[in-house]
Amino acid sequence: VQLQASGGGLVQAGGSLRLSCVASGKIFRINVMGWYRQAPGKERELVADITSGGNPKYADSMKGRFTISRDNGLNTIHLQMDSLKPEDTAVYYCNVRYTRYNFWGQGTLVTVSS
């Protein structure tokens, strides 16, 4: 399984970015896809994930600002990030997990300037 993330970049505080991740390879149809992030000096944390049934889950600090969506036919997820803050600066990683398997993408850098 390979995960290809895109959409990171530099944005001013209050701005928006949209991340996308395409999963390829043999993926069990019942799975959870999501985004995690890791800021310098901090541990990787969940941003949001979504089940193959379409049920999203968000970290508290992202609720109301970020929206995760998926297209099962394309094995793709998107993360719409609005009202970005400097503390959202991090490398964002795409993830897919099912049964005992857990796969990670290469990460895409999001930088929010104040």
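In this predicted model, Arg37 and Asp88 are both buried. The exercises begin with this pair and then turn to other parts of the chain.

**Exercise 1. A network of charged side chains**

Task: Determine which residues are linked with Arg37 and Asp88 in a network of salt bridges, and classify each member as buried, partly exposed or exposed.

Solution. 

Step 1. Start with the pair itself. A salt bridge joins the side chains of Arg37 and Asp88, with an N to O distance of 2.9 Å. Arg37 belongs to strand 4 (residues 32–38), whereas Asp88 lies in the loop between strand 8 and strand 9 (90–98); the two are 51 residues apart and the pair links distant parts of the chain.

Step 2. Look for a further partner of Asp88. Its side chain also meets that of Arg65 in a salt bridge, at 2.7 Å from N to O. Arg65 is located in the loop between strand 6 and strand 7, 23 residues from Asp88, and this pair too links distant parts of the chain.

Step 3. Look for a further partner of Arg37. Glu45 forms a salt bridge with Arg37, and the closest N and O atoms are 2.7 Å apart.

Step 4. Join the pairs. Arg37, Glu45, Arg65 and Asp88 form a network of salt bridges. In general, side chains of opposite charge can pair when their charged atoms come close.

Step 5. Classify the members. The cut-off for a buried residue is under 20% relative accessible area.

- Asp88 is buried because its relative accessibility is 0%.
- Arg37 is buried because its value is 7%.
- Arg65 is buried because its value is 11%.
- Glu45, at 35%, is partly exposed.

**Exercise 2. The surroundings of Thr76**

Task: Decide whether Thr76 counts as buried or exposed, and describe its contacts.

Solution. 

Step 1. Thr76 is part of strand 8. Its relative accessibility is 8%, and therefore Thr76 counts as buried.

Step 2. A polar atom of the Thr76 side chain lies 2.9 Å from the backbone oxygen of Leu74.

Step 3. With neighbours within four places in sequence left aside, Thr76 is in contact with Cys21, Val22, Ser69, Arg70 and Asp71.

Step 4. Compare Asn75, which is in the loop between strand 7 and strand 8. Its phi is near 50 degrees, a positive value in a residue other than glycine. Asn75 counts as partly exposed because its relative accessibility is 23%.

**Exercise 3. The nonpolar core**

Task: Which residues of the largest nonpolar core touch the most other members, and which element gives the largest share?

Solution. 

Step 1. The core has 30 residues, of which Trp35, Val47, Phe66, Leu79, Met81 and Tyr92 touch the most other members.

Step 2. Two or more residues come from each of strand 1, strand 3 (17–24), strand 4, strand 5, strand 7, strand 8, strand 9 and strand 11 (108–113). Strand 9 gives the largest share, five residues.

Step 3. Consider Val47 as an example. Leaving out residues up to four places away in sequence, the residues that Val47 touches include Trp35, Phe66, Leu79 and Tyr92. Val47 also touches Arg37, a member of the salt-bridge network of Exercise 1.

Step 4. In general terms, nonpolar side chains tend to be buried together in soluble globular proteins.

Conventions. Residues are numbered from 1 along each chain as its sequence is written. This is a predicted model: local features need pLDDT of at least 70, side-chain atom pairs count only at pLDDT 80 or more; totals for chains, interfaces and linings use all residues. Side-chain values use heavy atoms; hydrogens and water are left out. Helices (H or I, at least four residues) and strands (E, at least two) are DSSP runs, numbered from the N terminus. Buried means under 20% relative accessible area, exposed over 50%, partly exposed in between (1.4 Å probe, protein chains only). A polar contact is a pair of N or O atoms within 3.5 Å; within protein, one must be able to donate a hydrogen and the other to accept it, and residues adjacent in sequence count only if both atoms are side-chain atoms. Contact means heavy atoms within 4.5 Å. A salt bridge is a side-chain nitrogen of Lys or Arg within 4 Å of a carboxyl oxygen of Asp or Glu. A nonpolar core is a set of buried Ala, Val, Leu, Ile, Met, Phe, Trp, Tyr and Cys residues joined through side-chain atoms within 4.5 Å.
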